[in-house]
Amino acid sequence: MAARGLPPGVGRLFAMRAELGSGRRAYSTSQAFTEVLRLPSKQLTKLVFPLQELERHLAPGSKPDFHPKIFDPSLEDIGRAETIFTAAARNRIEYVSSAVRLDHAPDLRRPEVCFIGRSNVGKSSLIKALFSLAPEVEVRVSKTPGHTKKMNFFKVGKYFTLVDMPGYGYRAPEDFVDMVETYLKERKNLMRTFLLVDSVVGIQKTDNIAIEMCEEFALPYVMVLTKIDKSSKGQLIKQVLQIQKFVDTKTQGCFPQLFPVSAVTYSGIHLLRCFIANITGNLKINGF
């Protein structure tokens, strides 16, 4: 039974720890996530459920305007997702190829997700963090904005394909619109588009172009807020509330829950992995 007054994520932690402490193996998970489970409860919530952690800092009695628990997996679910992202002899995670046009893209039949965002939003750093359990996968990260010029395809075992799209805005490829628009409209196995927004500066004019594209094509998409380690708690909450209001009032195809992440501290990475595993059909989470 969860401790009284604790948020669900932390309550589940106590249950999971009890199972681990009793010698029963609650699920098969990576050693890295087993270490996460040993963290003090507040640190674990901040690392795994950053939106719930932000909710704790709102004024007492205030009703949060963001939705931290629409996707609310158990720690067991997250542990199962970690195994999907862990490279092994029977679970090869690797770069496949790059393409400048859809007709050059590899013909992969498994479910696909793509990551898109403004130049310098931290897209490649985020993908590298997602693949941190497969250290042999080479994701090129550059300090120069606009480094990614092609669509880069990564295979995650038998489960799904992840596509790193070129950044828009500064130093975007000249054929960016044709490349990305064709992919988004015609890629049959595209399950979800992850649109990255810099949490420090919020939604910019160039982001609105990508949002309008997703809305026009009726694509299901998710907003991922990057670089949450760069702002103070107050500034981050302010940005989250503003972006959440935009999602609630200005979009139709965007998933209502935001996913704040940091490629530096890994906050939010475990939850995002779990969401990806779920929407590609590789996890079946009750109630979602």
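The stops below go from the sheet to the aromatic rings and then to the cavity.

**Before you start**

This is a predicted model: local features need pLDDT of at least 70, side-chain atom pairs count only at pLDDT 80 or more, and totals for chains, interfaces and linings use all residues. Residues are numbered from 1 along each chain as its sequence is written, and side-chain values use heavy atoms, with hydrogens and water left out.

**Stop 1: the sheet**

Switch to a cartoon view. Helices (H or I, at least four residues) and strands (E, at least two) are DSSP runs, numbered from the N terminus. In which order do the strands lie in the open sheet? The order is E1-E3-E4-E2-E5-E6-E7, with 7 strands and mixed pairing. Two strands pair if DSSP finds at least two bridges between them.

Now find the edges. Strand E1 (93–99) and E7 stand there, each with a single partner strand, so one side of each is left without a neighbour in the sheet.

**Stop 2: E1, E3 and E4**

Select strand E3, residues 151–156. E1 pairs with E3 in the antiparallel sense over 6 bridges. Strand E4 (residues 160–164) also pairs with E3 in the antiparallel sense, over 5 bridges.

Click on Lys155. In E3, Lys155 is the bridge partner of Glu94. Lys155 also stands opposite Thr161 in E4. Then click on Asn152, which stands opposite Asp164 in E4.

Follow the chain from E3 to E4. The two strands form a hairpin with 3 residues between them. Gly157 in the turn has a positive phi of about 50°.

Is E3 mostly covered or uncovered? E3 is mostly covered: 5 of its 6 residues are buried. Buried means under 20% relative accessible area, exposed means over 50%, and partly exposed is in between (1.4 Å probe, protein chains only).

**Stop 3**

Select strand E5, residues 190–198. Here 8 of the 9 residues are buried.

Look at the neighbours of E5. Strand E2 (residues 112–117) runs parallel to E5, and 6 bridges join them. Val113 has Arg192 in E5 as its bridge partner. Strand E6 (residues 221–226) runs parallel to E5 too, again with 6 bridges. Leu196 stands opposite Val224 in E6.

Now trace the chain from E5 to E6. The path goes through helix H8 (residues 205–216), and this β-α-β crossover is right-handed. Right-handed has this meaning: with the strands pointing away from the viewer, the path from the first strand over the helix to the second runs clockwise.

**Stop 4: the aromatic rings**

Show side chains. A search of the whole structure finds 10 aromatic pairs. Rings of Phe, Tyr and Trp (its six-membered ring) pair if their centres lie within 6.5 Å; planes under 30 degrees apart count as stacked, over 60 as edge-to-face and the rest as tilted.

Select Phe71 and Phe259. They form a tilted pair: 6.4 Å centre to centre, 50° between the planes. This pair links distant parts of the chain, 188 residues apart: Phe71 is in the loop between H4 and H5, and Phe259 is in strand E7. Phe71 is buried, with a relative accessible area of 2%. Phe259 is buried as well, with a relative accessible area of 2%.

Next, select Phe255 and Phe275. The ring centres are 5.1 Å apart and the planes are at 50°, so the pair is tilted. Phe255 lies in the loop between helix H9 (233–250) and E7, and Phe275 lies in helix H10 (residues 269–279), 20 residues apart. Both Phe255 and Phe275 are buried.

Phe71, Phe115, Phe194, Phe255, Phe259 and Phe275 form one aromatic cluster.

Phe71 and Leu271 are 200 residues apart in sequence and 9.1 Å apart in space, C-alpha to C-alpha.

**Stop 5: the cavity**

How many cavities of 30 Å³ or more does the structure hold? The structure holds 1. About 50 Å³ of space lies in the largest cavity. On a 1 Å grid over the protein atoms alone, a cavity is a set of points where a 1.4 Å probe fits but cannot get out; lining residues have an atom within 4 Å of a point. Grid points are joined across faces, edges and corners, and a volume is the space filled by probe spheres set on the points.

Select the lining: Phe49, Pro50, Leu51, Gln52, Pro68, Gln257, Leu258, Phe259, Pro260 and Leu271. Helix H4 (50–55) and strand E7 (259–260) are the elements that give two or more residues to this lining. H4 gives the most, with 3 residues.

Definitions and conventions:
On a 1 Å grid over the protein atoms alone, a cavity is a set of points where a 1.4 Å probe fits but cannot get out, and a pocket is an open set with protein on both sides within 12 Å along at least five of seven lines; lining residues have an atom within 4 Å of a point.
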